[in-house]
Amino acid sequence: MWGFLLCHLVALAGKCPGLNPKKTYEYRYEGMVNIGRGMPNLVESGVRLVCKVKIIGVSAQTFLLRVSNLNFEEFNGIPGKNAFDASPKLTKRIAAELSKPFMFEYAKGRVGDIRTSAEISDTIVNIVRGIIGFFQVTVKTTQRVYELEEFGIHGLCQSTYANEEDANSQELSVTQIVDINNCKKKAAIYRGMALAVDNKLSKERGDSVISTVRYVYTVKPTVDGGLIKKAHALERQHFSPFNVKGGNSKLQATKELVLLSVTDTVVTPAVGPMISRGNLVYKFVKVLAQIPILMKKLDDPVPKIADMIKRLAQANIYQTDSATSEDVVVLFQLLRVTSLENHEVLWKQLSGNDEHRRWLLDTIVEVADARVLKFLKNRFKAGDVSANEAGQTLLIAFNHLAAETDLMEMAKVIVLVPLLDLVIDGLKRNNEFDMVLALKAIGNAGHPSSIKTIRRFLPGVSAAPVTLPARVLSAAVQSLRHLAVRDPHSVQDITVSLFVQRHLPTEIRMLACMILFETKPPLALVSTVTAFLLEEADMHVASFSYSLIGSIAKSSTPDNHFLSTACNVAVKILAPKFGRVSYHYSKAMHLDWFNDDFLIGTATEIFMLKNAASYIPTEIVTKGKFHFIGKILQLVELGFRADGIKELFRQNIQVFNGHLSYADFEAIFKVLQDWKTLPGDKPLLSAYTRIFGQEFFFADLNNDLIQSVIKTVSPSAGKESPVWSMIENLQKGMSWHWTKPFLMFETRYIQATSLGLPLEISKYYNTVTTITVNAKAAISPPLTDRLGQLLTSDVSLVTDGFAGFSKDQFVFHGINTDIFQCGAELKSKTVVAIPWEFSMKMNVKQKTFEIDLPACKEETKLFSLSSCYNRFDVYAVSRNIEEPSRAKMTPMMPDSVEIVKFDIYHPQVKVCAEANIYGAVFCVEFEATRSHYIDEYPLYYFLGYTNFACTIQPGNIQSNKPVDKIHIEMNASLTKYPVSVRHLLDTLDGSIRTFVPSCTPPQALNANSEPVFAIKVLAMNGNTKPEGYEVAAFYTPAAQMDNTQLIVSQIGEEANWKLCTDANVDKMHLRWGAECQSYEMSMKTATAHLPGSRPTLKAKIHWKTVPGYMIEVGKSIEKYIPGMAFLLGFYQKHATNAKHEVSASVVAATAGSIATTIKLPDVGNTLTLVINLPNPTHTKPHSSR
């Protein structure tokens, strides 16, 4: 305080910053920012702003700032080799605003309110904040090192100062370090992944963003206070999509202010009306409208939106157009700068066309603020959207909203209040379905205000007594899942209360335990649960809770860091009692992994809930989670309930011992035949699906539904059946098309820089999915009165269509304003395209089926993954709004670089499988270019070029054998051997009798073999005989050991290649080559359990002759066997083994272990591994292990 007091005294205030209101100060200002890797010979991008700044005193605490001689330049190239380029048009635009007067309050080293004329843009005001920010400095003359928490352009942050005085000039050198990583009120915003859970503990493993700022001042003492002669600022930020310790993109921002002159103010310039623009802290206004990966003029957006929707709808009308999929992001940006009135205009223009209407509804949700909620509210009031459209649009809109108070309250009014009313009404009417449905929807919303309503459904928690079906209680407990993160303490109180009520259904107590541990309870609460479990009598609750605690104890993900420690302690306490509980009881399993280099991990959870009344689980739930740089995304959750099936078994099953023997399966089958005895409204099975934590699918399979489906598809069904109308439409010819643009995720982190420019880190993942089906059927004779006539008719179908998607992923790190952008950008594109065209004929009664496919005429890319735009996948980008043609997107690693500290890795692989008979070649190709930096892992994976593709293309067909079509025949009503099989038998018979007249030919087929089916795949041409392959299967009845024979034959003028297999339950004999005579191999398995011996399972593979490539593959594998055996725990010994044979045996060595022995040929080694097995049936307390 004494230092501050001194600063106020004129005689000693010479070193405290101050400005004389009667003076004019002229400074030279330069601000520059560069984004790149900070390594030699790699391309970077940046901007530089140079100008003169005049500060003129107006009153004791008010000063006028004016900028002149402005020059704005852009950089895109290699530092030291390329120079900044002037941007004259953008310079003119910026200068036009900066040349206007700016007023600011200033006293005692503190910048106060900033005022400008109303037309000055927020971008320009923030640049001025970057200039004025140099004057916000605290100088203490009584301390050399001190710390302060003060406001600056970055917000309310901690600053550390160090002073040093020059004894000769008496000038003070002041160094200020600002900790902008831990500001209390940081000038930064985060948007996106609203459904993801924050994982603050992941920062202990590493961070993806680290920032530092340093200011250095030279202050000259004067009678007016400390005069800043020179000031310099250096700001660095390191960003990686992974852990910054493994390589990063670097932003370096510098700014400098140098005093040129100080003069007396002659005349104070007149200024017009001004408005307040706030203090020195950076202001974010409409920043989310400017998407960083593109630079478009956003004036007059309505006609641009309408035109773009029409163009995109047309481009994707049949198949996904990957060339235009990136334009969808442009559409999102245009929609974000439109008003609600604009949205209504667009709806009137586009809603009349089904394609345009769907595109508008699918993309307007990405406005992601109050406007889209009001737009949807208008649609619901007007009733001009279908229930399906409303459901899809509302779900996505809510999921993409920012978690802001005003938006949450608006969403509550639109959706939550009606849901709360519905669930209370269902409770009053005791309507089970309404209660379950409403509770599921409330769970989706996860609004904190809904917790009071949920309490009313939970016994022991509700103020009034509650007697509800277990299904409703289950839905109520699970509706707390989002609140477990948003209000963990309230959820802990509720779930613990449910868990300790031993009279509640077992399933509800286990669900309460599951939700409780999702709140990440502290050690004290885990200890409470542990103590309660020691007295637990319900083995299902005990087994479930113990297995859940045990699996969390092994967790390695950051979110479970403290919880896993608490669970480890609990396991040690509970293990003596529950360590060997039978597998028949309820179980929970949690498996996860986490990589500190990537800051990425996954987690899988499986819950099986049972009770003492049945072996059948009451509920099965499986979940998948994805951990990514401090966020946890709940990917997919599947759940099944089997109330009806359990009831059916409880009432009807007579003999069931739980050993899953033949008698058990027979008993199960008999019970399932009685499903009609269940009440019509009692579901046999219920299922749900949740994606990103949102339940979007829920269905009950009940008696009424099954009866309805059976009646609909029954052969006796007539014209009243929906299937009949579907068949009629199919005969007329039908066409169905569906396109879905969807922004899978958008995450944006924007923070202020010392220059007053917004630094942005953004990730986008956009997809366009298209499905098209065209089909026309013919039925002969036509149907007259019942569906069963289909079974005796010839049915033909001609169809074509497409299914596929194009996914674009972008990552941006750099400066993003509404007038210019510069930074590092990664782009990747994944395309899947599955077109089809074929005709089909079938006759169910005759068991015949035919398909004709068109020949491959041009290359079709079925799948491609390309992390590239031109060649490389990471770029230095520069764009400005005034000169779109000057935009640059330069590969960060150019074609030719001097290799410094890294190696270029360039693998190329192309593998093709030729099917020249059918005129097609299937190819898989991969190519990548990588720069392997010695100290940068894993970031170097993404510096370079990547391309992976699967294609089908025309084969190398001789000109005299073109393929018109590929014909496939399937026949399951054979009465005699196919021609190719008869030819094989004749050939074998002739060859044996020619060379060995006294021998009888070997049997390729048993005399009692019956034809089962035959399949032909032929290449057809009108002028030549078909070529291709035929597969024929035969079966020998049980008296001959249930043998099955399969013969594959090549069809052609001189073809004699065949493959013959003869198999039964325990052996298979394989021969192939010319008439099945060239190569031979056999496989055999056997079990043995003789009196006095151990149960044994044996398997053996034996060969006589095999092709050379198989021998080479075997030799290449052989050299890895010793190392693999060692890693897997085998020990080996030398032995004499059969030359052309591999055998393995598994023996029950002891009551608690099995021994696996593998004998290898030629190597002369026998490998043995002994595995100890746990005892799965022990249920009583057991001593500690």
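**From one residue to the whole chain**

Colleague: Does E760 count as buried or exposed?

Modeller: A residue is buried under 20% relative accessible area, exposed over 50% and partly exposed in between, using a 1.4 Å probe and protein chains only. The relative accessibility of E760 is 1%, so E760 counts as buried.

Colleague: What is the mean pLDDT of the protein chain?

Modeller: This is a predicted model, in which local features need pLDDT of at least 70 and side-chain atom pairs count only at pLDDT 80 or more, while totals for chains, interfaces and linings use all residues. Residues are numbered from 1 along each chain as its sequence is written, and side-chain values use heavy atoms, with hydrogens and water left out. The pLDDT is the predictor's confidence in each residue, from 0 to 100. In the protein chain, 87% of the residues reach 70 or more, and the mean is 84.

Colleague: How many contacts beyond near neighbours in sequence does the stretch of residues 1-14 have in the model?

Modeller: Contact means heavy atoms within 4.5 Å. Over residues 1-14 the pLDDT is below 50, and the number of such contacts in the model is 21.

Colleague: In which strand is E760 placed?

Modeller: Helices (H or I, at least four residues) and strands (E, at least two) are DSSP runs, numbered from the N terminus. E760 falls within residues 758-780, and that run is strand β24.

Colleague: With which residue does the side chain of E760 make a polar contact of 2.8 Å?

Modeller: A polar contact is a pair of N or O atoms within 3.5 Å; within protein, one must be able to donate a hydrogen and the other to accept it, and residues adjacent in sequence count only if both atoms are side-chain atoms. The polar contact of 2.8 Å is made with the side chain of N816.

Colleague: How are α18 and α19 oriented to each other?

Modeller: Axes are lines fitted to C-alpha atoms, for helices over the stretch in contact, and angles run from 0 to 180 degrees between N-to-C directions. Helix α18 (residues 539-553) and helix α19 (residues 561-578) pack at about 140°, with their axes 8 Å apart. Angles under 35 degrees count as roughly parallel, over 145 as roughly antiparallel, 65 to 115 as roughly perpendicular and the rest as oblique. The two helices, α18 and α19, are therefore oblique.

Colleague: How many of the residues of helix α3 are buried?

Modeller: Helix α3 spans residues 122-132 and is mostly covered. Its buried residues include T123, N126 and R129.

Colleague: What is the omega of the peptide bond from S780 to P781?

Modeller: P781 lies in the loop between β24 and β25 (794-816). The bond from S780 to P781 is cis, with omega near -5°.

Colleague: What is the phi of C1076?

Modeller: C1076 is found in the loop between β40 (1067-1074) and β41 (1079-1088). It is buried, with a relative accessible area of 2%. Although C1076 is not a glycine, its phi is positive, at about 65°.
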